Amino acid sequence: MNTSLRATYRIQFNKDYTLYDAVLLVPYLSRLGISHIYASPLLASVPGSMHGYDTISWDYIDPDRGGEVGLKILVDALRKHNMGLILDIVPNHMSTSYQNLWWQDVLLNGHKSKYAGYFDIDWSVSQTQEQHRIILPFLEKPLCDILDEKKIRFLYHSGKRSFVITYEDRIFPIALESMNWVVGFSSFKDAENLPLDLRKLLIDFFSSATSEGRQNLLLLLQKQHYQLVWWRNAGDLVNWRRFFDVTSLIALRMERLEVFVRTHTYIFDLYQRGLIDGFRIDHIDGLLQPDKYCQHLRKELEKLKQKRPENLRNDPVIFVEKILANKETLSDKWLVSGTTGYDFLEQTSLLLHNPKGEEKLDVLWEQCGVFPYKKVQELARNEKLDSSFYKMFRDLILSFINIFPPEQDVTEHAIETVLRKILVAFPVYRIYFLNSVISKQSLPYLRKSCNEVRQELSPYHIPLLNKIECILSQKIDQALGKKWPEDLFVSLTAPLAAKAGEDTAFYRYARLLSRNEVGTDPDLFSKNIEAFHQANISRFLSHPDALLCTATHDHKRGEDGRARLMVLSEPEAKWPETVMHWFEQNADLHILDHSKKHVSQADEIFIYQTLISAWPLNKSDFSDFPHRLRSYLTKALRESGLSTSWDAPDITYEKTCQNFMMQLLCVPFVKNIATFINDISPAAAMNSLTQVILRCMVPGVPDLYQGREDWDFSLVDPDNRRPVNYLKLQENLEQEVDLLALVRSWRDGKIKQAIIYKFLGLRKKYPQIFTNGRYEKVLVEGPLSDHVVAFQRFTKYIKIIVIVTRFNFSLNINEYLQSYHDGWNETKIFLHEDLKNTEWKSILWGNTFKNNTVSNLAYFYGSVPFDVLISHHVT
C-alpha cells in the first residue's frame, strides 16, 4: 500500500456531513487524484458546532461527526483506495462551554483544581479582588441588572448531581464549601445525598424571585472561584488568555509537558493504530513555544511510526497554520512538513495583479476618503489595544514596570507610549526565541519595528525604546510564576495582527478586494515573475511537501471571485473609470428611506466589488443570491466597525446599505454590471485556470478545499461552508473528457475539474518529478514576455515544461478562452541546452512538438494560451 502524500482534499465535517457521508466520497476523490482527506477538527466539540474548533474533550471523536466508529469505517474505505487522512487539531485553545469538564473543574475548585495549570489563567489577586477568581464576562448586562431581571438561577442539576448557577444557556458549578454559611447545609458533603425537602429549601433560599433570595444569590456568587461580569468589560477585566478576543475559547498552556501529554494521548493512539497519518496544527502562533511544540510532536510521531501497521510507516506529516509576512520564512528548526499554504496563495495573487493598474486604483481609493492600508491598520490596532486587548496590553506594560528599578524614573505612561508604537508597527505575527535569545529569523523584524518607531518618538523616549528592544531580544529571569515580558508580548502581537488586520482593516480597505485575503498583505499590490520563481525555488529547497492552497474554510472570498477581481488591476479593464461612472449613475439610490443616512463611497466601492466577485455564472445560482449578499454585507459592515459594529450595531445605516445594494440588482443598473462582468469573465476564467495549474505543478502539495473543483464565487464563512453538490461533481468526472469542448463551455465549471483531474493524474503517474524533480524558470522574451510564466520540472528521465499566462484581459481573450494577440508571433521561450532536440507532447491538448515549435509561442495565437508539455519519450 502506498499512502505517500500527493494531494489533499479539505472536508468540513459536522452534524450535517459526517464521517459516514464521506465514505461515499472516497471513490470519487481517489479517481480525482487525491491521496489524503484533510479533515476539519474531529475531536469532541460543543454540541451542534459546525466547525469543531471549540474542543470540549481530547479523549474521543465527536459523536455528531460519526465518532470513532465512523472514523474507522472512513479510514477503511480510504486504505482500500491507497489513501490516508490528516487531522486538524487545535492545541491552542478549548471551549469555555459547560461541556468542557476540565474547565468546569477549574471553575469549581479554582487555582487548586488539577486542571488549573492547563489553561492560561492569571491567578494573581487584583486590587478589586479578595481571592483568586476567574473573570467570566458572559453577562449581557451588569450583574445587578441581571439579578433584578431574575435571569440568574440557582438549581439542582440532575445530570451533574450537584447545584449549579444557570444563565441563559450557560451552566456554572457551585463549590459546596461556598454554601457552608447556609444554616442546615454544612453537615452534608454532597448535594446528591441532600434530603429533597432541604434541597427545595435551598432552591427557595437562593431564588431570584424574591429580594431576599437575590441578596443570598449575590452573596453565593461572591464566594465562587469565578466572577460573572458584563461582556462589554471583557477587554478590561478578563484574566485569562482567549483565542483572539473570543470569550467562548480559552487558551491552553501547551508548553507544559503535562498538558501536552494529557491532550495528545488519544490522538497519538489514533496515529499508532493507523487511523490518521498526520496533523494540521491550527493557529500555531497562539502557542507560547510553537517551535518546541512542533519538535516534540515530530519526535513522538517518529517513535510511534515504528508501532504503526507495517504498510503504514510513511513519514508523518505536520502542517502548521502560519501566516507568513512578506519575505518571512518558516524555520526549518520546527521540523514540520510546511505551512497550510497561505503563502502560496499570496505568491500567486501577487503574480496575477498587474502593477500598471496600482497608481490609478490608489487615486480612486483616495477619492473615497480612506487612508492607505498602513494607516488603516495602524488605526485598527490602536482601537484593539484600547478595547479587546486592553487587559493584555496593561499586563504587558506592568511586566516592564516591574523590571525597571524606581531610581530609573521610568513611568507607566512612558512605557505605554513606546510599547504601543512598537505593537502598532510590528510587521509580523510574532517573534520566536532560541532558548533565551531571540532567533536570528525574528531579530530583523524586531529591529525593523523599533527603527520605525525611533523616527516617531520624542528624543527623551529613545533611551527607553532601546531598553525595551534589548529586553524583547533576550529573556530575563523573574520570580517563579510570573510571565516574562517577552511571553506577554508574543501572546499579544499575533491576535492583535489578526483582529486588527484580516478581521477589521480588510473590511475597511477596499482599494482592490482580491488583495484582502487571509495570509496576504493588502499594502502590497503585485510582484514580478522573478519573485514568483524565487518563492518556488525556496519552497523546494526548504519545505517541498508544504501545502499549496487558493481556497480554505477561512477565506474572505472564493478563489474564482478573487480571480475575477484580479482583472480589475489591468488598466485595459478601465475599472476606475467604470466606478466613477457608477458613482454618478447611482447617486440617487443612496437615500431611499429618508433616514438621512448615506452610503459612504468606501462602502459603495466595497459593495460593487462584492457583487463582481460573487456574481454567479449560471442563472440557477441566482435564487439565493440576494439572501447571501445581505448576510455577507451585514457581517462585513460590522467587522469593519466604522459606521456600525457587533458591539453597537447601527441598524439604520445597515438597512441603507442593504437597500442600496438591492437596488443595484434592479433594472437598469443590473444590466450594466452584468455586461461589465461578462466582459471580464473570460480573462477571469484564465486567471482561475492559471491558479489551478500552478497549484498542481510548482513545488509543494496541492490542497483542494471541498467542492472547489467547480467555480468558487463564495464569500466569507458561513457562505464558504455551504453544502457541496458532490453528486454533480461525481457525474461530471465520470463523463468522457474533451478539454477543447469543455473550454468552449467553460461557464459550467467542468473545465476546472477536468484540468485538476488531468494534473493530479500526472502527479500520480510520475510522483518522482513532483517529489524530487528540480524547478527552474524558463526564459521568455518578446512583446508578451511579461504575460508569460514558464518553468520546468525535471529529473534525469522526465522533463515537464509549464506555460501559463497572466494579465489576460489585454491578451484579447474571447468567449472561448482563445487569445488573439499579434504579440504571440514574436514571443519565444528559451529552453536550456539539455532540453534541445527533445520531442514534447501536450498533457492537455495532445499535440506533439519538435523543440523549435515549442520555442515559438506563435502556436498560442487563436488557441487557449496555456500548456503543460512532457518530454515525448516518457509518455
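Predicted model: local features only at pLDDT ≥ 70, side-chain atom pairs only at ≥ 80, totals over all residues.

Biologist: What makes the contact of Glu 302 and Arg 298 a salt bridge?

Modeller: Their side chains meet at 3.5 Å, N to O. The criterion is a side-chain nitrogen of Lys or Arg within 4 Å of a carboxyl oxygen of Asp or Glu, so the pair qualifies. Both residues lie in α10, four residues apart, about one turn of the helix.

Biologist: Why does that spacing matter in a helix?

Modeller: An α-helix has 3.6 residues a turn, so residues three or four places apart point the same way.

Biologist: Why is Arg 298 called buried, and why is Glu 302 called partly exposed?

Modeller: Buried means under 20% relative accessible area. Arg 298 has 13% and therefore counts as buried. Glu 302 has 29%, which lies between 20% and 50%, so Glu 302 is partly exposed.

Biologist: Where do Arg 394 and Glu 412 lie?

Modeller: Arg 394 forms a salt bridge with Glu 412, the closest N and O atoms being 1.8 Å apart. This pair links distant parts of the chain, with Arg 394 in helix α14 (residues 390-401) and Glu 412 in helix α15 (residues 412-425), 18 residues apart. Arg 394 counts as buried because its relative accessibility is 17%, whereas Glu 412, at 32%, counts as partly exposed.

Biologist: What makes Glu 469 and Arg 454 a salt bridge?

Modeller: The closest N and O atoms of Glu 469 and Arg 454 are 2.9 Å apart, so the pair falls within the 4 Å limit. It also links distant parts of the chain: Glu 469 belongs to helix α17 (residues 462-473) and Arg 454 to helix α16 (residues 443-454), 15 residues apart. Elsewhere, salt bridges that share partners join Arg 10, Asp 88, Arg 280, Asp 282 and Glu 321 into one network. The structure holds 57 salt bridges.

Biologist: Let us turn to the sheet. In what order do its six strands stand?

Modeller: The order is β19-β21-β22-β26-β24-β25, in an open sheet with antiparallel pairing. β19 (774-777) and β25 stand at the edges because each has a single partner strand, so one side of each is left without a neighbour in the sheet.

Biologist: How do you know that β21 pairs with β22?

Modeller: Two strands pair if there are at least two bridges between them; β21 and β22 (residues 799-805) have seven, so they pair, in the antiparallel sense. On the β19 side, β21 pairs over four bridges, with Lys 777 standing opposite Phe 791.

Biologist: What makes β21 a mostly covered strand?

Modeller: Seven of the seven residues of β21 (residues 788-794) are buried. Val 788, Ala 790, Gln 792 and Phe 794 are buried on one side, and Val 789, Phe 791 and Arg 793 on the other.

Biologist: Why is Leu 844 called buried?

Modeller: Its relative accessibility is 6%, which is under 20%, so Leu 844 counts as buried. Leu 844 sits in the loop between β24 (840-842) and β25 (848-849). Its contacts include Leu 739, Ile 755, Phe 759 and Phe 866. Leu 739 is 105 residues away in sequence, yet 7.2 Å away in space, C-alpha to C-alpha.

Note on methods:
Residues numbered from 1 in each chain as written. Heavy atoms only, no water. Buried < 20%, exposed > 50% of the residue type's maximum accessible area, 1.4 Å probe, protein only. Contact = heavy atoms within 4.5 Å.
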